[in-house]
Amino acid sequence: MDDQSVWKDRVAVNSFITQKRAAIPNAVDQINAMLHILRHSGKPIKSFVDLGAGDGILSQLILEQFSGAYGVAVDFSEPMIEAAHKKLADYSDRIKIVEADISSSEWQQAVFMGDFEKTDAIVSGYCIHHLSHGRKYELYQEIYDRLENGGLFINIEHVASKSDWGELLSDEAFIDMIISYEKNARPRRQVSEEFHDRPDKKDNILLSVDVQCEWLRLLGFQEVDVFFKSFELAVFGGKKV
(Lines give C-alpha, C1' and ligand atoms only; values in the text may rest on other atoms or scores of the structure.)
Protein backbone atom coordinates (compact mmCIF):
# COMPACT_ATOMS: atom_id res chain seq x y z
CA MET A 1 0.00 0.00 0.00
CA ASP A 2 1.01 3.63 -0.40
CA ASP A 3 3.56 4.70 2.21
CA GLN A 4 1.54 7.92 2.55
CA SER A 5 -1.60 6.02 3.50
CA VAL A 6 -3.57 7.56 6.34
CA TRP A 7 -3.35 4.19 8.10
CA LYS A 8 0.31 4.86 8.89
CA ASP A 9 -0.60 8.08 10.68
CA ARG A 10 -0.68 7.55 14.45
CA VAL A 11 -3.36 10.19 15.10
CA ALA A 12 -5.67 8.85 12.38
CA VAL A 13 -5.24 5.27 13.57
CA ASN A 14 -6.01 6.21 17.17
CA SER A 15 -9.10 8.15 16.04
CA PHE A 16 -10.37 5.12 14.14
CA ILE A 17 -9.75 2.65 16.96
CA THR A 18 -11.22 4.80 19.73
CA GLN A 19 -14.08 6.53 17.90
CA LYS A 20 -14.86 5.84 14.26
CA ARG A 21 -14.99 2.05 14.39
CA ALA A 22 -17.73 2.21 17.01
CA ALA A 23 -19.87 4.14 14.52
CA ILE A 24 -19.71 1.51 11.74
CA PRO A 25 -23.32 0.44 11.12
CA ASN A 26 -24.12 -3.16 12.07
CA ALA A 27 -20.50 -3.84 13.08
CA VAL A 28 -21.47 -6.31 15.80
CA ASP A 29 -23.77 -8.20 13.40
CA GLN A 30 -20.96 -8.51 10.85
CA ILE A 31 -18.50 -9.88 13.39
CA ASN A 32 -21.11 -12.27 14.77
CA ALA A 33 -21.76 -13.52 11.24
CA MET A 34 -18.04 -14.26 10.81
CA LEU A 35 -17.87 -16.15 14.11
CA HIS A 36 -21.03 -18.10 13.29
CA ILE A 37 -19.57 -19.21 9.96
CA LEU A 38 -16.32 -20.30 11.62
CA ARG A 39 -18.20 -22.27 14.28
CA HIS A 40 -20.23 -24.12 11.66
CA SER A 41 -17.55 -24.62 9.04
CA GLY A 42 -17.50 -28.38 9.41
CA LYS A 43 -13.76 -28.23 10.10
CA PRO A 44 -12.01 -27.53 13.41
CA ILE A 45 -10.33 -24.13 13.37
CA LYS A 46 -6.83 -24.95 14.54
CA SER A 47 -5.15 -22.04 12.77
CA PHE A 48 -6.12 -18.79 11.08
CA VAL A 49 -4.63 -15.73 9.41
CA ASP A 50 -6.07 -12.24 9.89
CA LEU A 51 -5.17 -10.02 6.92
CA GLY A 52 -5.16 -6.28 7.61
CA ALA A 53 -5.66 -7.12 11.25
CA GLY A 54 -5.50 -3.55 12.51
CA ASP A 55 -5.51 -3.53 16.30
CA GLY A 56 -6.37 -7.25 16.33
CA ILE A 57 -10.07 -7.12 17.12
CA LEU A 58 -11.01 -10.05 14.83
CA SER A 59 -8.04 -12.10 16.00
CA GLN A 60 -8.98 -11.49 19.63
CA LEU A 61 -12.53 -12.72 19.13
CA ILE A 62 -11.42 -15.81 17.19
CA LEU A 63 -8.87 -16.68 19.88
CA GLU A 64 -11.61 -16.32 22.51
CA GLN A 65 -14.02 -18.54 20.58
CA PHE A 66 -11.53 -21.24 19.59
CA SER A 67 -9.38 -22.03 22.60
CA GLY A 68 -6.98 -24.29 20.71
CA ALA A 69 -6.46 -22.04 17.70
CA TYR A 70 -3.19 -20.44 16.66
CA GLY A 71 -3.28 -17.24 14.62
CA VAL A 72 -1.17 -14.84 12.62
CA ALA A 73 -2.25 -11.19 12.53
CA VAL A 74 -0.91 -9.23 9.55
CA ASP A 75 -0.80 -5.46 9.06
CA PHE A 76 1.43 -2.90 7.35
CA SER A 77 0.76 -0.04 9.78
CA GLU A 78 3.19 0.37 12.67
CA PRO A 79 0.61 2.17 14.88
CA MET A 80 -1.90 -0.63 14.24
CA ILE A 81 0.69 -3.29 15.05
CA GLU A 82 1.52 -1.53 18.32
CA ALA A 83 -2.19 -1.48 19.19
CA ALA A 84 -2.50 -5.18 18.28
CA HIS A 85 0.34 -6.13 20.63
CA LYS A 86 -1.53 -4.42 23.46
CA LYS A 87 -4.93 -5.91 22.65
CA LEU A 88 -3.57 -9.43 22.11
CA ALA A 89 -1.07 -9.46 24.99
CA ASP A 90 -3.05 -12.15 26.86
CA TYR A 91 -2.78 -14.44 23.82
CA SER A 92 0.92 -13.97 23.08
CA ASP A 93 1.52 -17.74 23.14
CA ARG A 94 -1.15 -18.31 20.45
CA ILE A 95 -0.79 -15.33 18.13
CA LYS A 96 2.02 -14.03 15.97
CA ILE A 97 1.82 -10.40 14.86
CA VAL A 98 3.73 -9.61 11.69
CA GLU A 99 4.33 -6.45 9.70
CA ALA A 100 3.62 -7.15 6.04
CA ASP A 101 1.84 -5.44 3.15
CA ILE A 102 -0.83 -7.43 1.34
CA SER A 103 -0.52 -5.14 -1.69
CA SER A 104 2.38 -7.44 -2.59
CA SER A 105 2.46 -11.23 -2.72
CA GLU A 106 5.48 -11.07 -0.39
CA TRP A 107 3.12 -11.04 2.62
CA GLN A 108 3.10 -14.83 2.31
CA GLN A 109 6.81 -15.10 3.13
CA ALA A 110 6.20 -13.23 6.38
CA VAL A 111 3.32 -15.51 7.39
CA PHE A 112 3.94 -19.00 6.09
CA MET A 113 7.18 -20.69 7.02
CA GLY A 114 8.47 -23.96 8.39
CA ASP A 115 5.63 -26.42 9.02
CA PHE A 116 3.05 -23.64 8.70
CA GLU A 117 2.34 -23.60 4.96
CA LYS A 118 -1.46 -23.61 4.93
CA THR A 119 -4.22 -22.62 7.35
CA ASP A 120 -7.82 -23.49 8.24
CA ALA A 121 -9.20 -19.98 7.86
CA ILE A 122 -8.23 -16.61 6.47
CA VAL A 123 -10.26 -13.59 7.54
CA SER A 124 -10.08 -9.91 6.75
CA GLY A 125 -11.92 -6.87 8.01
CA TYR A 126 -12.21 -3.60 6.07
CA CYS A 127 -8.83 -3.95 4.41
CA ILE A 128 -8.93 -5.49 0.94
CA HIS A 129 -10.98 -2.61 -0.48
CA HIS A 130 -7.83 -0.49 -0.25
CA LEU A 131 -6.19 -2.59 -2.99
CA SER A 132 -6.48 -2.07 -6.73
CA HIS A 133 -8.99 -4.38 -8.37
CA GLY A 134 -6.24 -6.33 -10.07
CA ARG A 135 -4.44 -6.85 -6.79
CA LYS A 136 -7.70 -7.91 -5.10
CA TYR A 137 -8.02 -10.74 -7.63
CA GLU A 138 -4.40 -11.80 -7.15
CA LEU A 139 -4.81 -11.80 -3.37
CA TYR A 140 -7.90 -13.98 -3.58
CA GLN A 141 -5.85 -16.50 -5.57
CA GLU A 142 -3.10 -16.41 -2.94
CA ILE A 143 -5.68 -16.90 -0.18
CA TYR A 144 -7.14 -19.91 -1.98
CA ASP A 145 -3.70 -21.45 -2.41
CA ARG A 146 -2.90 -21.00 1.28
CA LEU A 147 -6.06 -22.63 2.64
CA GLU A 148 -6.23 -26.24 3.71
CA ASN A 149 -8.90 -28.35 2.02
CA GLY A 150 -12.12 -27.41 3.77
CA GLY A 151 -10.63 -24.07 4.78
CA LEU A 152 -12.63 -20.87 4.85
CA PHE A 153 -12.13 -17.34 3.58
CA ILE A 154 -14.36 -14.72 5.20
CA ASN A 155 -14.17 -11.05 4.26
CA ILE A 156 -15.91 -8.32 6.28
CA GLU A 157 -15.76 -5.55 3.76
CA HIS A 158 -16.76 -2.15 2.41
CA VAL A 159 -18.10 -2.77 -1.09
CA ALA A 160 -19.43 -0.58 -3.91
CA SER A 161 -23.09 0.30 -4.35
CA LYS A 162 -24.75 -0.46 -7.67
CA SER A 163 -26.32 3.00 -7.89
CA ASP A 164 -25.82 6.58 -6.74
CA TRP A 165 -28.92 6.18 -4.57
CA GLY A 166 -27.43 3.11 -2.91
CA GLU A 167 -24.27 5.06 -2.16
CA LEU A 168 -26.34 7.92 -0.71
CA LEU A 169 -28.27 5.52 1.52
CA SER A 170 -25.04 3.96 2.74
CA ASP A 171 -23.48 7.35 3.51
CA GLU A 172 -26.57 8.46 5.42
CA ALA A 173 -26.53 5.23 7.45
CA PHE A 174 -22.95 6.00 8.51
CA ILE A 175 -23.87 9.57 9.39
CA ASP A 176 -26.87 8.38 11.41
CA MET A 177 -24.61 6.05 13.39
CA ILE A 178 -22.03 8.75 14.07
CA ILE A 179 -24.73 11.09 15.35
CA SER A 180 -26.18 8.32 17.52
CA TYR A 181 -22.74 7.42 18.87
CA GLU A 182 -22.00 11.06 19.68
CA LYS A 183 -25.47 11.52 21.18
CA ASN A 184 -26.28 14.49 18.93
CA ALA A 185 -23.22 16.40 20.08
CA ARG A 186 -22.88 18.19 16.73
CA PRO A 187 -25.24 19.40 13.98
CA ARG A 188 -25.91 16.85 11.23
CA ARG A 189 -24.46 19.17 8.57
CA GLN A 190 -21.13 19.28 10.39
CA VAL A 191 -21.05 15.50 10.82
CA SER A 192 -21.93 15.02 7.16
CA GLU A 193 -19.23 17.38 5.94
CA GLU A 194 -16.61 15.70 8.10
CA PHE A 195 -17.71 12.26 6.93
CA HIS A 196 -17.47 13.14 3.25
CA ASP A 197 -14.12 14.92 3.71
CA ARG A 198 -12.55 12.23 5.93
CA PRO A 199 -8.86 11.61 5.14
CA ASP A 200 -9.17 7.83 4.72
CA LYS A 201 -11.75 8.15 1.93
CA LYS A 202 -9.03 8.52 -0.70
CA ASP A 203 -7.75 5.04 0.20
CA ASN A 204 -11.07 3.40 -0.73
CA ILE A 205 -11.17 1.44 -4.03
CA LEU A 206 -14.61 -0.10 -3.80
CA LEU A 207 -15.93 -2.98 -5.91
CA SER A 208 -19.31 -4.70 -6.08
CA VAL A 209 -19.67 -7.72 -3.81
CA ASP A 210 -21.27 -9.59 -6.72
CA VAL A 211 -18.14 -9.17 -8.83
CA GLN A 212 -15.90 -10.27 -5.99
CA CYS A 213 -17.99 -13.36 -5.29
CA GLU A 214 -17.85 -14.29 -8.98
CA TRP A 215 -14.06 -13.96 -8.82
CA LEU A 216 -13.98 -16.34 -5.86
CA ARG A 217 -15.97 -18.91 -7.83
CA LEU A 218 -13.67 -18.56 -10.82
CA LEU A 219 -10.66 -19.17 -8.57
CA GLY A 220 -12.12 -22.42 -7.25
CA PHE A 221 -13.93 -21.45 -4.05
CA GLN A 222 -17.10 -23.40 -3.32
CA GLU A 223 -20.19 -22.45 -1.29
CA VAL A 224 -19.50 -18.79 -2.14
CA ASP A 225 -22.12 -16.50 -0.67
CA VAL A 226 -22.89 -13.08 0.75
CA PHE A 227 -23.67 -13.99 4.34
CA PHE A 228 -24.59 -10.48 5.48
CA LYS A 229 -25.14 -7.20 3.70
CA SER A 230 -26.29 -3.76 4.78
CA PHE A 231 -25.91 -1.07 2.12
CA GLU A 232 -22.14 -0.98 1.38
CA LEU A 233 -21.12 -3.31 4.20
CA ALA A 234 -20.90 -7.03 3.43
CA VAL A 235 -19.66 -10.31 4.84
CA PHE A 236 -18.83 -12.71 2.06
CA GLY A 237 -16.53 -15.59 1.26
CA GLY A 238 -16.29 -19.24 0.43
CA LYS A 239 -14.72 -22.60 1.14
CA LYS A 240 -11.84 -24.50 -0.44
CA VAL A 241 -13.07 -28.04 -1.04
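F112 is buried, with a relative accessible area of 5%; buried means under 20% relative accessible area, exposed over 50% and partly exposed in between, with a 1.4 Å probe and protein chains only. This is a predicted model, where local features need pLDDT of at least 70, side-chain atom pairs count only at pLDDT 80 or more, and totals for chains, interfaces and linings use all residues. Residues are numbered from 1 along each chain as its sequence is written, and side-chain values use heavy atoms, without hydrogens and water.

**Aromatic pairs**
- The structure holds eight aromatic pairs. Rings of Phe, Tyr and Trp (its six-membered ring) pair if their centres lie within 6.5 Å; planes under 30 degrees apart count as stacked, over 60 as edge-to-face and the rest as tilted.
- F112 and F116 are stacked, because their ring centres are 5.2 Å apart and their planes are at 25 degrees.
- F116 is buried too, with a relative accessible area of 16%.
- F153 and F221 form a tilted pair, 6.1 Å centre to centre with 45 degrees between the planes.
- F153 lies in strand β5 and F221 in the loop between α9 and β6 (222–230), so this pair ties together parts 68 residues apart in sequence. Helices (H or I, at least four residues) and strands (E, at least two) are DSSP runs, numbered from the N terminus.
- F153 is buried at 1% relative accessible area, and F221 is buried at 2%.
- Y70, W107, F112 and F116 form one aromatic cluster.

**Charges over rings**
- R198 lies over the face of F195, at 4.2 Å from the ring centre. The cut-offs are NZ of Lys or CZ of Arg within 6 Å of the ring centre and within 35 degrees of the ring normal.
- K240 lies over the face of Y144, at 4.9 Å from the ring centre.
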